[in-house]
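Dear colleague,

I am handing over the structure below, and after it you will find a short account of what was found. Please read the two together.

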Amino acid sequence: MFFALKKWIGAMLLPLPLLLSLMAVGLLLLWFSRWQKSGKILISLSWLLLLLVSVHPVADRLLLPLERQYATWNGSEPMDYIVVLGGGYTYNPDWAPGSNLLGNSLPRVTEGVRQWRRYPQAKMIFTGAAAGYNRYSNAAVAAKVAESLGVPASAIITLDQPHDTGEEAQAVRHIVGQHPFLLVSSANHLPRAMRFFRAAGLNPQAAPANQLAIRSPLSLWDRVLPSPMWLSHSERAIYETLGLIWQRIRGTAPESDQPGQ
């Protein structure tokens with residue numbers, strides 16, 4: 001119940017539902033109250049904020065501080081495990097395997113497989129519980145994709161009980177112990193994930209995937225026109241920032257990451 005409530009509150013604080021809700025309040029004030037000026041101000045501000053978070057300079061400026069904390073992993077240290085965190089997924093047996101991994105999930109798995117090819121002696125660990133009425137768990141679907149990309153089943157471990165990153169860290173701890181391992185997740189999610197795993201007594205090496213904040217050249221139109229893609233970048237930045245704040249409030253970050261340390 002708490003998990004579902006947390007997800008719902010987090011979803012409603014993202015830019016699109018939040019700003020649409022504020023616009024709806026503004027429309028109600030315009031149509032059904034004497035607070036005409038307040039309604040106009042609320043709608044105008046909501047529209048302006050929605051515009052701003054839908055353009056590249058604002059969206060990627062919000063996202064970049066999260067993504068630049070960890071560089072792409074190309075180290076040479078030996079690794080015994082490669083942990084790939086779960087993300088969005090579904091399961092349709094008629095689709096190509098990778099099509100069942102939604103949003104940030106496929107880049108995580110492909111980066112995990114790339115790293116496994118560099119460390120073929122390592123075990124790959126996929127995490128994530130079943131969502132909704134899916135017959136397969138997140139971990140199982142990700143493992144199927146990895147197998148389709150050439151990773152043998154004997155090199156794969158699935159952890160299909162964890163529902164969020166904190167639970168993933170605890171589940172991985174029981175398998176990995178003090179062995180060296182790579183932690184693969186989206187670049188914007190890794191700052192929060194690394195804190196969870198360190199708080200669990202582990203020492204992962206960060207292997208970011210799915211970098212989104214673009215610093216390379218773009219056309220003028222891509223930079224100035226609002227786009228659903230840039231809006232999604234803003235949503236990721238706000239979602240992860242909210243997660244970091246909640247992590248601090250709950251005290252689930254390691255001591256070295258606590259304020260004042």
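A residue is called buried when its relative accessible area is under 20%, exposed when this is over 50%, and partly exposed in between, with a 1.4 Å probe and protein chains only. Please bear in mind that this is a predicted model, in which local features need pLDDT of at least 70 and side-chain atom pairs count only at pLDDT 80 or more, whereas totals for chains, interfaces and linings use all residues. Residues are numbered from 1 along each chain as its sequence is written, and side-chain values use heavy atoms, with hydrogens and water left out.

Gln115 is found in helix H5 (helices are DSSP runs of H or I, at least four residues, numbered from the N terminus). Gln115 has a relative accessible area of 0%, and is therefore buried; leaving aside neighbours within four places in sequence, Gln115 is in contact (heavy atoms within 4.5 Å) with Trp73, Ile82 and Leu182.

A search of the whole structure finds three salt bridges, each being a side-chain nitrogen of Lys or Arg within 4 Å of a carboxyl oxygen of Asp or Glu. In one of them Arg114 pairs with Glu111, with the closest N and O atoms 2.9 Å apart, and both residues lie in helix H5, about one turn of the helix apart. Glu240 forms a salt bridge with Arg192; because Glu240 lies in helix H10 and Arg192 in helix H8, this pair ties together parts that are 48 residues apart in sequence. Glu240 also meets Arg236 in a salt bridge, at 2.8 Å from N to O, and shared partners join Arg192, Arg236 and Glu240 into one network.

Note on methods
Helix = DSSP H or I, 4+ residues; strand = E, 2+ residues; numbered from the N terminus.
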